Amino acid sequence: MYELAARRSVAQPPEWATRQRALFDLFETAVDDFVADYLDDGEPLWPPADHVGVDGYDDIVEGFYNWPLVYAMGGDESLLTHAEQAYEGALDRFERAETPHGHPMVVDEFEQCRDWFHLGEGNLFTYNMGLAAPDDDLVVERATRFADMYLGDSDLGNYDPDERLVTAPMNGSAGPGYSDLSAFGAQSTFGGYGADYRWASHGLPWRDLEFESATELLDPDNEERLFEIYDERCSKGDIPLNLAISSLMANAFMHSGDEEYREWVTEYLDAWRDRVERNGGVIPDNVGLSDEIGEYTNGEWYGGTYGWSWGGWHYVGVGTTTAAENATLLTGERDHLDFHRRQLDHLVQEGIEQGDTLHIPHKYGGEGDYHYNGSGLREDDGEILWRDGYYEFKPHRDDPYLFHLWYMSLDEADRERVEALRDWGSREWKQVDMRPSSKHGAGNEWAWLAYLEGEFPEFPERVLEANRAHAQELLDRMAEEDREPDELNEDYLRDRNPVFHRGLLNLTMGAPQPVYYGGLVQAQVRHFDPERERPGLPEGVAALVERVDDDGIDLTLVNTGSRDREVLTQAGAYAEHEFTGVEVDGEKRDAETGGPGEGVDAISVSLPSGTRLSLSASVDRFANDPTYAAPWDRR
């Protein structure tokens, strides 16, 4: 192990360091207040006792999903304790909430039958608990039990190992057999909650049938026919969104080391890679139970659930991004990234330049009426521009799909892809929004990249300032509401969660925002407190990753407190990388390793009170099998 000692005293800690520690402190008190006001003895206040439905569990969990992650970066232990209590409370509440199917929303501590857009969101908590409490037997047991629901020998039938496919767009702990939307009533996709948004904004997925315009999908007289279509086309078979299950499997592998989970990820990705080849290079959005593309859509490769005509790249890209990066993480082979890269390149090839900005198509569908409340380039009469099947031409908006490709490869060609898809008509790169524009808070990636490339040195202070301002805004709202909100719905916790982790991820771990719909944290480094044997920076210690490239990283550690500290800095979020060389103040340090030329997966840094240490480390990326085990458990 590299053993380093800080020798540089700092009379005044840098502003970013004091802001970072202050943010950790703010989150501690904010969560205390949040729990007191918005939970009832650890249990959420929603849903009501008489509620019947299928939606909302993931939304409740999103209200506290990132507390374990902030704890794992150095937050107070109370964040983990509160998160564990809130999660147990949510399980209890939703195991009493009924569905129209005769069983509760949560069965065996997992959602009964949902799509992986929602399951991915809800399971972010599960993945963050791996970082926060990898030695908790219950965390490990749940991680493997959840993944086992998708193994080929499971009685649930979620996965067919012979055809290498997930058997339905909706699946879960009750199996794939509860996708009958007609049972949902006002909770269905077609009527009630979300109907206007889904159809008037997303357009018409079934232009080959009797419908001529998107507005017809909002007509109650058509609801029965829509249920029939959904049952025929969208209740069985595989879709790209199911590739997000690879995170569930990777999570189980990093807890257990069991090879079957890694094999599942590569086997399933290979199956989808084969389907891409059969479809001329474009990922199809629906595959029948016989592995036939378009089996239930009259032979068309588009028109499936959450597919190219139903949400488009926003949903399809979830699967291609997460599967490619999970396979890379588990095998160390960056060739897996070609799976995702190829889809991005195809959209770029079909793009239309408008000024300096490339507008790529986000959807594909058959000919028909495209007058609907969608986004993107339009014809002179207001109709959405449709060209050779492609439509909704607009700047690339799903930043993690783009940045994760570059981040996992750190290849210059992928950096050029980021540049090629920049929206030049949008905000400056050297800007941080004081509040996120969406629930997943993506958007800092451009400013963070500008910082890493030396163009925005103020980024650390600006992003910490923005995170604090947003947290304070929600705390002020909490004080105004005086405990329970006037209106309770499934989003009430998520909309009030005062914890914002994105800036801390960028700065302390050199990590981008994970894919919100079920992606794992991917990072350059992760810090541990050996004195307390817990993850995260020790009290008073701040960290700043200042360089990220294929050669390695630059990292500064500062002890802002009054006590001497020791930090263990690990290569990668899961010890998947190795440090192969370290320079401190231009001085090269040798590692204590098992042999010549070997690297180490962690660095020990001694930080006396009021000191700082800056280092440059060369990194051998994806050199090791990833694991949640802490450094002291790997010795």
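**Close-up 1. Surroundings of Trp308 in the predicted model**. Beyond its neighbours within four places in sequence, Trp308 is in contact with Val282, Ile283, Asp285, Trp301, Tyr302, Trp313, Val316, Leu347, His362, Lys363, Tyr364 and Tyr391.

**Close-up 2. The nonpolar cores**. The largest nonpolar core comprises 177 residues, and Trp308 belongs with Trp116, Tyr150, Trp264 and Phe579 to the residues that have the most contacts inside it. Helix α1, which spans residues 15-38, gives the most to this core, contributing 11 residues.

**Close-up 3. The open sheet formed by β9, β10, β12 and β11**. The four strands of this open sheet follow the order β9-β10-β12-β11, and their pairing is antiparallel. Because β9 (352-354) and β11 (386-387) stand at the edges with a single partner strand each, one side of each is left without a neighbour in the sheet. Strand β10 (residues 357-364) pairs with strand β12 (residues 390-394) in the antiparallel sense over four bridges, and Pro361 stands opposite Phe393 in β12.

**Close-up 4. Packing of helix α10 against helix α12**. Helix α10 (residues 245-256) packs with helix α12 (residues 313-331) at an angle of about 20°, the two axes lying 9 Å apart. This angle makes α10 roughly parallel to α12, because angles under 35 degrees count as roughly parallel. In passing α12, helix α10 makes a left-handed crossing. On the α10 side the contact is made by Ser246, Ser247, Ala250, Phe253 and Met254, and on the α12 side by Thr322, Ala323, Asn326, Leu329 and Leu330.

Note on methods:
Residues numbered from 1 in each chain as written. Predicted model: local features only at pLDDT ≥ 70, side-chain atom pairs only at ≥ 80, totals over all residues. Heavy atoms only, no water. Pairing = 2+ DSSP bridges. Helix = DSSP H or I, 4+ residues; strand = E, 2+ residues; numbered from the N terminus. Core = buried A, V, L, I, M, F, W, Y, C linked by side-chain atoms within 4.5 Å. Buried < 20%, exposed > 50% of the residue type's maximum accessible area, 1.4 Å probe, protein only. Contact = heavy atoms within 4.5 Å. Axes fitted to C-alpha atoms, helices over the stretch in contact; angles between N-to-C directions. Parallel < 35°, antiparallel > 145°, perpendicular 65-115°, else oblique. Left-handed = near helix turned anticlockwise from the far one by under 90°.
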